[in-house]
Amino acid sequence: MAKRKRQGIIAVTGASRGLGASSALELARRGFTVACLTRAGKGIEEVPVPKRLAPRIIAERCDVTDERSVARALAAAAQRGGGLAGVLNNAGYHIRGPSAELATEDFEAVQRTNVTGVFVVAREAYPLLLANGGGMIVNMGSFFDRLGVPQNLAYAASKAAVGAITRCLAVEWAAQGITVINVAPGYIETNLNREFLSRPAVREYLLPRIPVGRLGTPREVARLVAVLFEEKLHYMTGETIYMDGAQTIAH
Ligand SMILES: NC(=O)c1ccc[n+]([C@@H]2O[C@H](COP(=O)([O-])OP(=O)(O)OC[C@H]3O[C@@H](n4cnc5c(N)ncnc54)[C@H](OP(=O)(O)O)[C@@H]3O)[C@@H](O)[C@H]2O)c1
């Protein structure tokens, strides 16, 4: 079936693998042109890009901890894609360990990617989205933003900040036609957690606590992300959407 022509490009940070790669592919499947912003600048690395989608996927080198690289990559994506229609702020970094031994520089490294990176990407995207008549920013948060998770202080704090950034930008930029949404997945098996989630003791503990009875898949998150870009529901802005198999609301 022929896909509808979409105006402008969607930039996806951290698109080399995991949820970023899945989301970039899903957006391309639905007819969007996608700029994969990755540190290596090689686009999607984890899986081969199907031939039919390749013409709709471009690559730009981008490290979200380097604001000049962010500005350059977004401007290049907008230029190559006929304007910037949206951003998936997905790049993320996770460390775990006892809080009593957490080094300040490790705490700050997580905030630098997950919080400052999200802010800088949104700030640099703003004039490009305005020039395109508004648009959509989807931030990739986590259900850890509302949980007390032992040994995950830096990551959980960073994702709570992503929720706050989402709300502030949604309110500040609503009148400019920019929608900002925070997608907060639960346990989705990717590189970020594959080793951890493969431990028998972890699976034994976790699976009974997820009412849906399994881990989520990157494709499920990608489909939610793609629907948000497709539907452009501007009246739903500033919200955090949890996708965790009902884990955090289960009694
Ligand atoms: N998996 C889950 O269960 C889960 C749950 C909730 C939220 N999330 C969030 O979802 C997002 C994606 O996670 P994932 O599970 O797909 O993890 P992943 O497979 O480890 O992928 C992380 C991605 O972020 C990129 N990245 C890291 N630091 C970067 C930087 N400074 N600049 C640019 N890109 C950078 C990585 O790029 P390189 O290839 O260059 O390293 C990679 O593409 C993260 O924000 C994560 O916190 C994941």
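Visitor: What makes the order of the 7 strands in the open sheet, and which pairing do they have?

Guide: The order is β3-β2-β1-β4-β5-β6-β7, with parallel pairing. Strands are DSSP runs of E, at least two residues, and helices are runs of H or I, at least four, numbered from the N terminus. Two strands pair if DSSP finds at least two bridges between them. This is a predicted model: local features need pLDDT of at least 70, side-chain atom pairs count only at pLDDT 80 or more, and totals for chains, interfaces and linings use all residues. Residues are numbered from 1 along each chain as its sequence is written.

Visitor: How do you know that β4 and β5 pair?

Guide: β4 (residues 84–89) and β5 (residues 135–140) share 4 parallel bridges. The definition asks for at least two, so they pair. G86 has M136 in β5 as its bridge partner.

Visitor: Why are α3 and α4 called roughly parallel?

Guide: Their axes cross at roughly 20° and come within 9 Å. Axes are lines fitted to C-alpha atoms, for helices over the stretch in contact, and angles run from 0 to 180 degrees between N-to-C directions. Angles under 35 degrees count as roughly parallel, over 145 as roughly antiparallel, 65 to 115 as roughly perpendicular, the rest as oblique. α3 and α4 are therefore roughly parallel.

Visitor: Which residues of α3 meet α4?

Guide: Among them are F107, V110 and V118. Contact means C-beta atoms, placed from the backbone, within 7 Å.

Conventions: Two residues are in contact if their C-beta atoms, placed from the backbone, lie within 7 Å.
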